[in-house]
Amino acid sequence: QVQLVESGGGLVQAGGSLRLSCAASGRTFVNYAMGWFRQAPGKEREFVAAISWSAGQTSYADSVKGRFTISRTRNTVYLQMNNLKFEDTAVYFCTAGSLPDTAAGSYKYWGQGTQVTVSS
């Protein structure tokens, strides 16, 4: 059974940092791109960041460029979030797919999500 399990979410003040982790199990994800999406209450799920299987290619949403960094090991993907803002508050989802795309429909596997709350 394929599983993506996120961790590292929590409550942080604006300007603070958090590091999200996503551990993949059930199969090897070494050839899969992995990404992070987020969904705030009342809003659609939106792309945050993605990384290719080789870690040689990364992409970011404009809203997080310069503040968030995605990285990975063989079966784990990380999202380092610095200078957090109130508008970063959302449930963050880890995902895996064939390409580091910005479209949610391109990804095959999804985690359950981890809540990130930024207080202003």
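Arg-38 is buried in this predicted model, because its relative accessible area of 5% falls under the 20% limit. The side chain of Arg-38 takes part in a salt bridge with Glu-46, where the closest N and O atoms are 2.6 Å apart. Glu-46 is partly exposed, its relative accessible area being 36%. Arg-38 also meets Asp-88 in a salt bridge, at 2.9 Å from N to O. This second pair links distant parts of the chain: Arg-38 belongs to strand 4 (residues 33-39), whereas Asp-88 lies in the loop between strand 8 (76-81) and strand 9 (90-97), and the two are 50 residues apart. Asp-88 is buried, with a relative accessible area of 0%. A network of salt bridges links Arg-38, Glu-46, Arg-67 and Asp-88.

How many salt bridges does the structure hold? There are four. One of them joins the side chains of Asp-62 and Lys-65, with an N to O distance of 3.2 Å. Asp-62 counts as exposed, at 64% relative accessibility, because the limit for that class is over 50%.

Four strands form an open sheet in the order 1-3-8-7, and their pairing is antiparallel. Which strands stand at the edges of this sheet? Strand 1 (3-7) and strand 7 do; each has a single partner strand, so one side of each is left without a neighbour in the sheet. From one strand to the next, the twist averages 15 degrees. Strand 1 and strand 3 run antiparallel and are joined by five bridges. Within this pairing, Gln-3 has Ser-25 of strand 3 as its bridge partner.

The aromatic rings come last. A pair of aromatic rings is described by the distance of the centres and the angle of the planes. The count of aromatic pairs comes to seven. Among them, Phe-37 and Phe-47 are edge-to-face, with 5.6 Å from centre to centre and 75 degrees between the planes. Phe-37 is in strand 4 and Phe-47 in strand 5, ten residues apart, and the pair links distant parts of the chain. Both Phe-37 and Phe-47 are buried. Tyr-107 and Trp-110 form another edge-to-face pair, at 6.3 Å centre to centre and 70 degrees between the planes. Tyr-107 is buried, with a relative accessible area of 6%, whereas Trp-110 is partly exposed at 26%. Ring pairs link Phe-37, Phe-47, Tyr-107 and Trp-110 into a cluster.

Conventions. Residues are numbered from 1 along each chain as its sequence is written. This is a predicted model: local features need pLDDT of at least 70, side-chain atom pairs count only at pLDDT 80 or more; totals for chains, interfaces and linings use all residues. Side-chain values use heavy atoms; hydrogens and water are left out. Buried means under 20% relative accessible area, exposed over 50%, partly exposed in between (1.4 Å probe, protein chains only). Two strands pair if DSSP finds at least two bridges between them. Axes are lines fitted to C-alpha atoms, for helices over the stretch in contact, and angles run from 0 to 180 degrees between N-to-C directions. Rings of Phe, Tyr and Trp (its six-membered ring) pair if their centres lie within 6.5 Å; planes under 30 degrees apart count as stacked, over 60 as edge-to-face and the rest as tilted.
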